[in-house]
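Please consult the sequence and the model shown below while reading.

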Amino acid sequence: MAASDTTTDDSLYPIAVLIDELKNEDVQLRLNSIKKLSTIALALGVERTRMELIPFLTDTIYDEDEVLLALAEQLGSFTPLVGGPEHVHCLLSPLESLATVEETVVRDKAVDSLRTISAQHSPGDLEAHFVPLVTRLASGDWFTSRTSACGLFSVCYPRVNPTFKADLRTHFRNLCQDDTPMVRRAAASKLGEFAKVVEVEFLKSDLIPMFVNLAQDEQDSVRLLAVEACVSIATILQQEDVEQLVMPTLRQCSGDQSWRVRYMVADKFTELQKAVGTDITKADLVPAFQTLLKDTEAEVRAAAAHKVKDFCQSLDPFQREHIIMNSILPVVKELVADPNTHVKSALASVIMGLSPILGKHNTIEHLLPLFLTQLKDECPEVRLNIISNLDCVNEVIGIQQLSQSLLPAIVELAEDSKWRVRLAIIEYMPLLAGQLGVEFFDEKLNSLCMTWLVDHVYAIREAATLNLKKLVEKFGPEWAQKTVIPKVLAMSRDQNYLHRMTCLFCINVLAEACGQDITVKLMLPTVTAMAGDKVANVRFNVAKTLQKISPILDPVTISMQVKPVLDRLNGDTDVDVKFFASEAIAGIAGNLSCEKHGQFFYISLGSCVM
């Protein structure tokens, strides 16, 4: 008997631990306990989990939100732990309670778990247990339960008998007409999902009136969600039904007094276009799109501008060019000069995509002038969006035409009197080089990049050196050896000491990109020769450069070529030169402590010890 009592006590231990931890004042302990529910359920077995654990959890839903959130998540995967699908309905009670709490994230997670376990119910269990739960939530006194109910209709509706279906449609209609805006908002957000599972006859008779009412709701937060439902409904219906049942409401939404509703129409426009078909697009959506592109609110214009390319691409191929040239392009021309930078940037990100749609002739005649205007826009993002999409135009009109039209504008900007404009173009140059290819770059833009190295503004010279590094990384060391390095090294003999210093700055960044071989053969001799420069600033920058490039040099080169130069600079008459030379000596000595093939090498600048 005593042994039996001991066994019973042992078997109760897991639930006792759970209860103790759930009642602990420490939230983290309670949270950890909830996260171990699956382990505890396994220890208890399926029957005791159903009979003891689940009722206990149902009775203790009063905790902190983070604990309840973890519980709602855990219960969604609890089906095997309660004995499989035939017993899954026992999880409904705690999840129903969680679906009514005040905290939104907890309710949403409870609804997610309910949706998951609904699929594990048999049709009979759905009707006996799940549908009554939905009905209770939909009829609850608090808006929290009614908002949660909205997300459950679509998962149970397809698998119940017609009587239950009629009841579910009635409850959903009541939620769409609820006095509380939050409930109507939840119903509107799930209307499209529900429409996909409802029979077409009831979609027309029951759900379309709900859709129309929601689209006319006094709250704009409800009306804008009805726009999303419009896409789902239009996808299901035949075209004549779309024209009769959906389009009047959509026309109303596209001209809604709230900019948020118009924004949603613009944001969903291409989805609506695919749902309604080409005929309705031509008759209704083209004028609506024009209106949205001219909207008084910049946010709406920007959202519509983002859709220009996709909208034009989805037009009827036989009428596409005519519609674009006569209806869309005139409005796009106005947007190029829009006072809002977000609108111009949105348009610039897609306008180049019109080139393949309109072809070579129309691109040259109508689009190139717009591209030129945007290339000269004061907003950097607009210019970047044009430059980063040049390949679209290049494929249509060819590199020759591109060089005659857009590149002069780029060169003009690169030589602009305002240094900030020049700086912006430098930053885009690696991107442009990748778009145009190495041959075209060498022919048209290489000299421009070298000119920036001798610009009178330091910020430009600095950006130009970083630009060279990116170009070498893109085109390779061989290209650098033939094209860039000879011009950089020639600057070491320039009469202007600032240009000689720029030569050193270039070597600082090019050494790593070009590798050891090119650095030792071509660049290092120039650096060491510049150690005798008459300007102290150049000499101490030689010391800094030698330290900078030392990690890619081999020990012998450092000992034979770098050490003598730094020793000489360390005895220089200028205090700054001596300081940077001693800094370089110490830095290189530290870097050269290394391990090689199991033997330790310490290479000082005076000797090589093994």
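By class, how many residues of the lining of the largest pocket are nonpolar, polar and charged? The model is predicted, and in it the lining has five nonpolar, five polar and five charged residues.

**The largest pocket**

The space in this pocket amounts to about 290 Å³. Its lining is formed by 15 residues, and those nearest the centre are Asp108, Thr147, Ser148, Ala186 and Lys190.

The largest share of the lining, six residues, is supplied by α7.

**Helix α33 and Arg539**

Helix α33 covers residues 536-549. From its first C-alpha to its last, this helix of 14 residues reaches 20 Å, close to the 20 Å expected at 1.5 Å a residue. Because ten of its 14 residues are buried, α33 is largely enclosed by the rest of the structure. Among the buried residues are Val538, Phe540, Val542, Leu546 and Ile549.

Arg539 also belongs to α33. With a relative accessible area of 11%, Arg539 is buried, because the cut-off for that class is under 20%. A polar atom of the Arg539 side chain lies 2.9 Å from the backbone oxygen of Asp533. Leaving aside residues up to four places away in sequence, Arg539 touches Met530, Ala531, Asp533 and Lys534, together with Leu569, Asp572, Asp574 and Val577.

How values were computed
Residues numbered from 1 in each chain as written. Predicted model: local features only at pLDDT ≥ 70, side-chain atom pairs only at ≥ 80, totals over all residues. Heavy atoms only, no water. Helix = DSSP H or I, 4+ residues; strand = E, 2+ residues; numbered from the N terminus. Buried < 20%, exposed > 50% of the residue type's maximum accessible area, 1.4 Å probe, protein only. Polar contact = N/O pair within 3.5 Å; in protein donor to acceptor, adjacent residues only side chain to side chain. Contact = heavy atoms within 4.5 Å. 1 Å grid on protein atoms, 1.4 Å probe; cavity = no way out; pocket = protein on both sides within 12 Å on 5 of 7 lines; lining within 4 Å. Points joined across faces, edges and corners; volume = space filled by probe spheres on them. Nonpolar A, V, L, I, M, F, W, Y, C, P; charged D, E, K, R; others polar. Expected span 1.5 Å × (residues − 1).
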